[in-house]
Each structure stands twice: as structure tokens, then as C-alpha cells.
Amino acid sequence: MKMTMAAAASFMLCALFFAGSGGTHVEPTTEAVATSEQVPSTLPVCKTVGGGSVFFDVQFCLEALGSDGRSANAGTDYHTCSVIAADLLTANATTTAAKIAGLLLRDRGGKGVDDEATTLSLRTCEALYGGVVRRQQSGCAAVVRGRRSGEATRCLEEAASAAEQCEDGFRKSKVASPVTMENDDAFKLAKLAVALLRMAS
């Protein structure tokens, strides 16, 4: 059988290559990079309570619960998730109350807000968040842990209402709120805890 010119040329090139490399052929190696995305254990829970909620979405639920290490082993335990949400609400209310107190303190020292309407709204918020912190620390968190859903729901709804009232005060006074983000988080955390409690009962 006669070789074509192209085949012969190809054969000669291969022969020269192997001769130059001592007859050793090294196969190119490729390293497979293993990539995996860890699915949060609370995803089913968040899809259930956040999928149809008008107060918060699935992403907020995932980010909130995911910020607490206990959620890694919570899985579909709605009660544990409700405890986490209630604890996050307590932490949020505590830091928000401290922020408001700091703004008012700076104002009294002449270095804070210089708008009377803003100051009055902050004082209202100070009272509202003071109440939330006292309720959360004195009994609300305990009734959530104790699965006393009726009392816990009332307490959590009061916290959500306080956050709304705080923000509404600025809106009605037509001044910018320095705690909009905190109010939004507090409201959503309270509603999240309520939704989780309902599923746990």
C-alpha cells in the first residue's frame, strides 16, 4: 500500500519527535479543580416560611439564620430556627437602642443632629426600643424557647410594631431616619421568628 505524501510527512515528523525525546512520550496532565457549593441546611425552612411571605424573602431568612453558627446543625428544626431569630432580634434591638442613645448624647453635646424633628423622633425610638430590649431580655426569648407560641407571638409582634412606629415617626416628620436599616432588620427578624414559631407548633 502506498502512502500519500501527507501521511508520509506526518510519519517522518512523528519519528523525528520520538527520536529527539529519547523515545519517551509524556502525556500532558490536567488537574481537576474540585468546586462545590454548600447548600445551607436551613434552605428548606427558609423556602417554606419565606416563599410566600409579604414581610421577608427567602434570601433574608438564609442570611439571618446563616449569621448564627447554630443554624449549621438546625436543618428543618423550626423551633431551633425560631430561637435563633428571636436571639438575633434581641441583639439587633440592643445595638439599635445603643446607637439611638449615642446619637442623642452627641446631640446634647452639640455634635449630633441639629434638627428638632429628628431629635424628637429619636427620643420616641429610644423609648420604643427600650421596651423591646426589656421584653426580649426579661421574657420574650424565654417563651420562644419554652414553645409558648401564643405569648411569644404577641411579644414578637410588639417588637415588629415598635420598629414600624420608630420609622413612621421620621416619615411623618418628613426627616431622614438614621436607623432605617436597623428598623427594617428588626421588623423582618420579628416576623421571621413568628413564622418559624407557627411552623414549629
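## A walk through the fold

Of the 201 residues in the protein chain, 38% count as buried. Please keep in mind that this is a predicted model. The chain holds seven helices and zero strands, so read from the N terminus on, its elements run α-α-α-α-α-α-α. The accessible surface of the chain is about 12100 Å², and carbon and sulfur atoms contribute 57% of that.

Let us turn to two helix pairs. Two packed helices are described by the angle between their axes and by the distance between those axes.

| Helix pair | Angle between axes | Distance between axes |
|---|---|---|
| α5 (residues 116-145) and α6 (residues 149-173) | about 170° | 9 Å |
| α3 (residues 58-66) and α7 (residues 180-200) | about 90° | 11 Å |

How do α5 and α6 run relative to each other, parallel or antiparallel? An angle over 145 degrees counts as roughly antiparallel, and α5 and α6 are therefore roughly antiparallel to each other. The contact of α5 with α6 involves 17 nonpolar, six polar and three charged residues.

Apart from its neighbours within four places in sequence, Thr153 is in contact with Val194 and Leu197.

The other pair has another geometry to look at: α3 and α7 are roughly perpendicular to each other. Here Phe60, Cys61 and Ala64 in α3 meet Asp185, Lys188, Leu189 and Leu192 in α7. By class, the residues of this contact are five nonpolar, no polar and two charged.

Finally, which aromatic rings pair up? The count comes to one aromatic pair. The ring centres of Phe55 and Phe187 are 5.8 Å apart and their planes stand at 70°, so this pair is edge-to-face. Phe55 sits in the loop between α2 (43-50) and α3, while Phe187 is in helix α7, so the pair ties together parts that lie 132 residues apart in sequence. The two partners can also be described by their accessibility: Phe55 is partly exposed, with a relative accessible area of 38%, whereas Phe187, at 14%, counts as buried.

Definitions and conventions
Residues numbered from 1 in each chain as written. Predicted model: local features only at pLDDT ≥ 70, side-chain atom pairs only at ≥ 80, totals over all residues. Heavy atoms only, no water. Axes fitted to C-alpha atoms, helices over the stretch in contact; angles between N-to-C directions. Helix = DSSP H or I, 4+ residues; strand = E, 2+ residues; numbered from the N terminus. Parallel < 35°, antiparallel > 145°, perpendicular 65-115°, else oblique. Nonpolar A, V, L, I, M, F, W, Y, C, P; charged D, E, K, R; others polar. Contact = heavy atoms within 4.5 Å. Buried < 20%, exposed > 50% of the residue type's maximum accessible area, 1.4 Å probe, protein only. Areas by Shrake-Rupley, 256 points an atom, 1.4 Å probe, with all protein chains shown as cover. Phe/Tyr/Trp six-rings, centres within 6.5 Å; stacked < 30°, edge-to-face > 60°.
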